[in-house]
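Hi everyone, thanks for coming. Let me put the model up, and then we can walk through a few side chains together.

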Amino acid sequence: MFENLPTSALDAMDWRMERYQPYFQVLNEMTLTAENVSTWLKGWTQLGDLVMEVFARLAVAASQNTADAEAQQRYLSYVESMLPPLQMANNILQRKLVESGLQPEGFEVPLRHMRAELELFREANLPLFVEERKLATEYDKIIGAQSVTWDGKEMPLAQLQVVAQNPDRAVREQAWRLAHERYLADREALNALWVKFLDLRQQIAANAGFSNYLDYCWKALGRFDYTPHDCLSFHRAIEEVVVPAMVRLLEQQRCTLGVETLRPWDMNIDPTHPMQLSVDPQPRPALRPYQSIDELESRAETIFRNVDPTLGEYFAIMRREGLLDLANRPNKAPGGYCRTFPVAKRPFIFMNAVGLHDDVQTLLHEAGHAFHAFESAPLPYMQQREAPTEFAEVASMSMELLAAPYLEAERGGYYSAADAARARLEHLRNMITFWAYMAVVDAFQHWVYTNVETAKDPAACDAQWSALWDRFIQGVDWSGLDEFKKTGWHRKLHIFHYPFYYVEYGLAQLGAAQVWRGALSDQGAAVARYRKALALGGAAPLPQLYQTAGARFAFDAATLREAVALIERTIEELSDLY
Ligand SMILES: [Zn+2]
């Protein structure tokens, strides 16, 4: 619609809202009709794509070099100067479209989100959101300052995780206690912060006309295709199906370790991932999948080509066009992510590869997100491309499972048959324990936001967390560790930062397991369904996205039982391989 807008975001890196305002003005002033609404939406998309790509490019640059003060400043000033007026401009256009009563084709789902956003919008809440972000920053500050002295060296808690590889149980216990004691030292501060969060969230819900935060949040998160009740069913299904499977799994871990009871430090050291099985029951050196980043990339490309030639080609494009920044180096931000450049119609993968299997797993995961971006790029309107997390994580988690059979060097990957089996076993075991942990986190939040007054007493939260821990986490001996156990909710960032945001991963993992199951009988057909579902972006409701991918968007014990049975069967097969 706008022919004089830059066709590359690189030509708009210094554009600020004033430059965009005249274009927004044109959209504001148009009289919407059934004939012109498509052109109008495309014009809005042109603006939105440009702004978002500049945003993404500045964010990538800032994370690529945290020591580059100018890059940090450019990013922050963009966020500060662009976000508020952009939200206002978008809000006006949303209102215009919704009030027009028009129903553009393929826009039912985005319209549903817009209507909800408009319904929830209250000017009085804007400063409260700012306040909520500040509280989140306070949480980050408290956690970020946590360091411990280990082996005479002061180090951040995250670095203690290497001790999980130590075969000496007493040493692991010492590290585990040290890390958890450090969290306990901040108990009062975190409790005080928690009460502030709850007061604020209660006020936000009240301002929007809701008597409880759960109902408000449900709408704000755009959860139209499932109810709080469905989540409670999911918890029960996990209790019935996953918990016994986890007990069997942990019993194996206990036997292999040759210990009387399995203690938390026989699983992991990291307080933020208490159920991740990182301790190797038969101490072996860590897997070393590759020697150079080029090797990491080229073997990944072969794996993706084996999964599907087009997906392999997407990855090749990313390599050719410099859209991968995989190697760890000084001053790189931590973690890994995939971002989209919507004007260029390309994704970008950022991570911190250090030569371990985790890097391979992260790359497979992020590549799934990248393929989602490629497949959904042709959708004409930006609002159609925003896939909900409940499905975006199906794209990434499925890719981890679809790629798994090719981890062997003989099939294009990185490992001997035995090592590939070891890598896959670790992944599958953690899928089981993750569901159980996720259920604790989600059930806790359901309790909190339906009992806010009670939950303002941190001791009540401790008791509730502890009860949920006993319900879902079995097979691990936490006796004598009560204070650590009941304060587990302090160590889960999502509970403070992103209320209710966690069940998405549990649901997506169930979707991914079903996609994988399909691939075992016919890989070609399963991957074709997967790609077709990715191409829908966020333009279809969740049940349809799942169905197109060959899965059911499910919360029930029967679906979960099939997935868990497949995982357990595969674990058994792989265990025979070494
Ligand atoms: Zn992801």
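H490 touches Y139, Y183, R187, L190, N191 and F496, leaving aside residues up to four places away in sequence; contact here means heavy atoms within 4.5 Å. This is a predicted model, where local features need pLDDT of at least 70 and side-chain atom pairs count only at pLDDT 80 or more, while totals for chains, interfaces and linings use all residues. Residues are numbered from 1 along each chain as its sequence is written, and side-chain values use heavy atoms, with hydrogens and water left out.

Where is H490 found? In the loop between α18 (482-486) and α19 (493-497), with helices taken as DSSP runs of H or I, at least four residues, and strands as runs of E, at least two, numbered from the N terminus. H490 has a relative accessible area of 2%, so it is buried (under 20%; exposed is over 50%, partly exposed in between, using a 1.4 Å probe and protein chains only).

Now, the rings. The whole structure holds 46 aromatic pairs: Phe, Tyr and Trp (its six-membered ring) with centres within 6.5 Å, stacked under 30 degrees, edge-to-face over 60, and tilted for the rest. The F107 and Y381 centres are 5.6 Å apart with planes at 75 degrees, so that pair is edge-to-face. F107, at 0% relative accessibility, is buried, and Y381 is buried too, at 7%. By contrast, W489 and F496 are stacked, 6.1 Å centre to centre and 0 degrees between the planes. Both W489 and F496 are buried.
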